[in-house]
Protein chains: 2
Amino acid sequence: MIFSKAIEYGIKASVYVAKQSMNGYRSNLKEISEHINSPEAFTAKILQQLAKGGIIHSIKGAGGGFALEIKEMKKIKLVDIVLALDADFLNSTCVLGLKHCSETNPCPVHHKYKHIKRETLHLLRNTSLLEMSINLDKGLAYLRN
Amino acid sequence: MIFSKAIEYGIKASVYVAKQSMNGYRSNLKEISEHINSPEAFTAKILQQLAKGGIIHSIKGAGGGFALEIKEMKKIKLVDIVLALDADFLNSTCVLGLKHCSETNPCPVHHKYKHIKRETLHLLRNTSLLEMSINLDKGLAYLRN
DNA sequence: ACTAAATAGGATAAAAATATCCGATTAAAT
DNA sequence: ATTTAATCGGATATTTTTATCCTATTTAGT
């Protein structure tokens, strides 16, 4: 409804890796894709992008995998993950796809949608990876069902 | 950010046809695609689906085109247009794509997103084609820029 | 009847998103 | 050093979405 598959997988993977890191475990590709229920090879690409984008750390070689530190999880927000996977996610923000939709040049749903847009942006900017992974860890949230 | 191109075009086309109908004009494909800035042949397919879905009326033959009546515009909501073009739009409603995301089985953003989802649904269900086309007619909204 | 102007509908093409495969590289363990 | 377990990166395949093209059908006007 709002994110592409790539972004869905990317968020879930980040949350899983964060949760495992919180508990001192490093996660590898196979484990990640199993726990978030995503195609392995495709997930590999996404993890690569996340690593390049500074969201997670990748450790190569035997016993390697993906991990990140608690202080990083606190700083990383949902919006950072999204932008690491789709740099111009925030540029196409009009519901009807108008290039220059604005207060003075609104599409027919602009005024009714702007509150929702504002709240969505707020959610993306203020939800940290840490809080999501804590919820996962506590069993208050799930990544597959 | 939320709709596919097909749905974007579909909404704009419906609003344009409605506005023209309000003023007693019937709209044809060429005119519509010019005014909403969409590819003509693709728009033709979408208009067909909208007609089949009972959103607009299509009149075949010379002097034909698309139109609808004021009392219909009042009844037709944004959600009807969306569903006419994508029947299971409302079935994939979890931000992270979980099949059975719910209060008791939430994804990590469920609780923060549910208000937004509720408002979005409210907007879709309560925004009528009539009000959108009135705004367009009054010059308070635009379909291209 | 004929012509012209429309939409309908089927076939196809192009582009983007999703997904897979495989060899190269890295690093730990023996 | 060799083996083994990982990620990296490039090439390719598949699927879905977006877009186009062409013929058939319908209808108004002459």
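Of the 23 residues around DNA strand D, those that come nearest are Leu29(A), Lys45(A), Ser58(A), Pro39(B) and Gly61(B). A residue is taken as near a strand if one of its heavy atoms lies within 4 Å of it. Sugar and phosphate make up 69% of the atoms of DNA strand D that come within 4 Å of the protein. The model is predicted: local features need pLDDT of at least 70, side-chain atom pairs count only at pLDDT 80 or more, and totals for chains, interfaces and linings use all residues. Residues are numbered from 1 along each chain as its sequence is written, chains are lettered from A and ligands numbered from 1 in the order in which they are written, and side-chain values use heavy atoms, with hydrogens and water left out.

In chain B, a backbone N or O atom of Lys5(B) lies 2.9 Å from a phosphate oxygen of DNA strand D. Ala62(B) places a backbone N or O atom 3.0 Å from a base oxygen of DNA strand D. Two or more residues of the surface near this strand are given by each of H3, strand E1 (57-59) and strand E2 (65-67) of chain A, and by helix H1 (5-22) and H3 of chain B. Helices (H or I, at least four residues) and strands (E, at least two) are DSSP runs, numbered from the N terminus. This surface divides into 10 nonpolar, 7 polar and 6 charged residues. Here Ala, Val, Leu, Ile, Met, Phe, Trp, Tyr, Cys and Pro count as nonpolar, Asp, Glu, Lys and Arg as charged, and the others, Gly among them, as polar.

DNA strand C has 24 residues around it, of which Pro39(A), Gly61(A), Leu29(B), Lys45(B) and Ser58(B) come nearest. Sugar or phosphate accounts for 65% of its atoms within 4 Å of the protein, and bases for the rest. A polar side-chain atom of Lys45(B) is 2.5 Å from a base oxygen of DNA strand C. The side chain of Gln48(B) has an N or O atom 3.1 Å from a phosphate oxygen of DNA strand C. A backbone N or O atom of Ala62(B) lies 3.2 Å from a base nitrogen of DNA strand C. The surface near DNA strand C holds 10 nonpolar, 8 polar and 6 charged residues.

Between the protein chains, 40 residues of chain A are in contact (heavy atoms within 4.5 Å) with 40 residues of chain B. The buried area is about 3,800 Å², with 63% from carbon and sulfur atoms. This area is the accessible area (1.4 Å probe) that two parts lose on being put together, summed over both. The interface has 2 salt bridges, each a side-chain nitrogen of Lys or Arg within 4 Å of a carboxyl oxygen of Asp or Glu. Lys112(B) forms a salt bridge with Glu131(A), with the closest N and O atoms 3.2 Å apart.

Chain A can be laid on chain B with an RMSD of 0.0 Å by a turn of 180° and a shift of 0.0 Å along the axis. That is the relation of a two-fold axis. The superposition is by least squares on the C-alpha atoms of residues with pLDDT of at least 70 in both copies.

Note on methods
A polar contact is a pair of N or O atoms within 3.5 Å; within protein, one must be able to donate a hydrogen and the other to accept it, and residues adjacent in sequence count only if both atoms are side-chain atoms.
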